[in-house]
Amino acid sequence: MKVLIVVDMQNDFIDGALGTKEAVSIVGSVREKIDQYVEKGDAVIYTRDTHSEAYLQTQEGRNLPVVHCVKGTSGWDISKQVYVEGCMVVDKPSFGSLSLPEAVKNCAVESIELIGLCTDICVISNAMILKAAFPEVPIAVDASCCAGVTPESHENALKAMRMCQIQIL
């Protein structure tokens with residue numbers, strides 16, 4: 001089975017506290033990609049950045065002092081424009097999820113594709129974790145369905161992933 005990982009397509013990253021015009025611009029492409037996987041009966045797994053009210057007291061919060069993705073808020077929600085009911089959601093307290101490989105393993109995986117936000121933080125982190133967990137499974141990132149903090153950091157992340165044998169589409 002093919003597995004699509006939709007990384008952090010949450011309101012705060014699209015048009016909320018940490019939103020960018022680049023993030024807004026990929027929403028339609030992300031939805032199209034999700035629909036393709038669903039129509040073929042392949043797996044779609046969402047990750048959801050999840051913080052508490054004490055976010056600013058965490059190491060991440062001290063380095064990025066912008067409150068975002070606080071559990072239970074509208075910013076934490078996966079955008080209704082891309083969410084498909086019934087798909088698995090993996091909450092993650094950090095950039096990468098150590099429980100994501102377990103969720104993928106349950107899918108009898110033949111290939112993994114990642115899309116979402118932000119290319120240069122959470123997409124690359126999860127791609128590297130998955131590459132370590134599944135060294136013989138083809139892993140790809142669709143650059144047209146990702147956006148970084150800046151266009152330059154997006155490109156740098158794509159180059160880094162390519163060097164680690166992750167296919168860039």
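In which loop is Asp8 found? Asp8 is found in the loop between strand E1 (2-7) and helix H1 (11-14), where helices (H or I, at least four residues) and strands (E, at least two) are DSSP runs, numbered from the N terminus. The model is predicted, so that local features need pLDDT of at least 70 and side-chain atom pairs count only at pLDDT 80 or more, while totals for chains, interfaces and linings use all residues. Residues are numbered from 1 along each chain as its sequence is written, and side-chain values use heavy atoms, with hydrogens and water left out.

Most residues other than glycine have a negative phi, and most peptide bonds are trans. Asp8, which is not a glycine, has a positive phi, near 50°. With a relative accessible area of 0%, Asp8 is buried (under 20% relative accessible area; exposed is over 50% and partly exposed in between, with a 1.4 Å probe and protein chains only). Ala108 also has a positive phi, of about 50°, and is placed in the loop between helix H4 (100-105) and E4. Ala108 is exposed, at a relative accessible area of 58%. The peptide bond that joins Leu117 and Cys118 is cis, with omega about -25°. Cys118 belongs to the loop between strand E4 (111-117) and helix H5 (119-133).

Asp49 is part of strand E2 (residues 43-49) and counts as buried because its relative accessibility is 2%. Beyond neighbours within four places in sequence, the residues in contact with Asp49 include Asp8, Phe13, His68, Trp76 and Lys92 (contact means heavy atoms within 4.5 Å). The side chains of Asp49 and His68 make a polar contact (3.2 Å); this term denotes a pair of N or O atoms within 3.5 Å, of which, within protein, one must be able to donate a hydrogen and the other to accept it, and residues adjacent in sequence count only if both atoms are side-chain atoms.

The largest pocket holds about 240 Å³ of space. Of its 16 lining residues, Phe13, Leu18, Cys118, Ile121 and Val149 are the closest to its centre. A pocket is an open set of points on a 1 Å grid over the protein atoms alone, where a 1.4 Å probe fits, with protein on both sides within 12 Å along at least five of seven lines; lining residues have an atom within 4 Å of a point. Grid points are joined across faces, edges and corners, and the volume is the space filled by probe spheres set on the points. The second largest pocket holds about 180 Å³, and its lining includes His51, Tyr55, Glu60 and Phe95.
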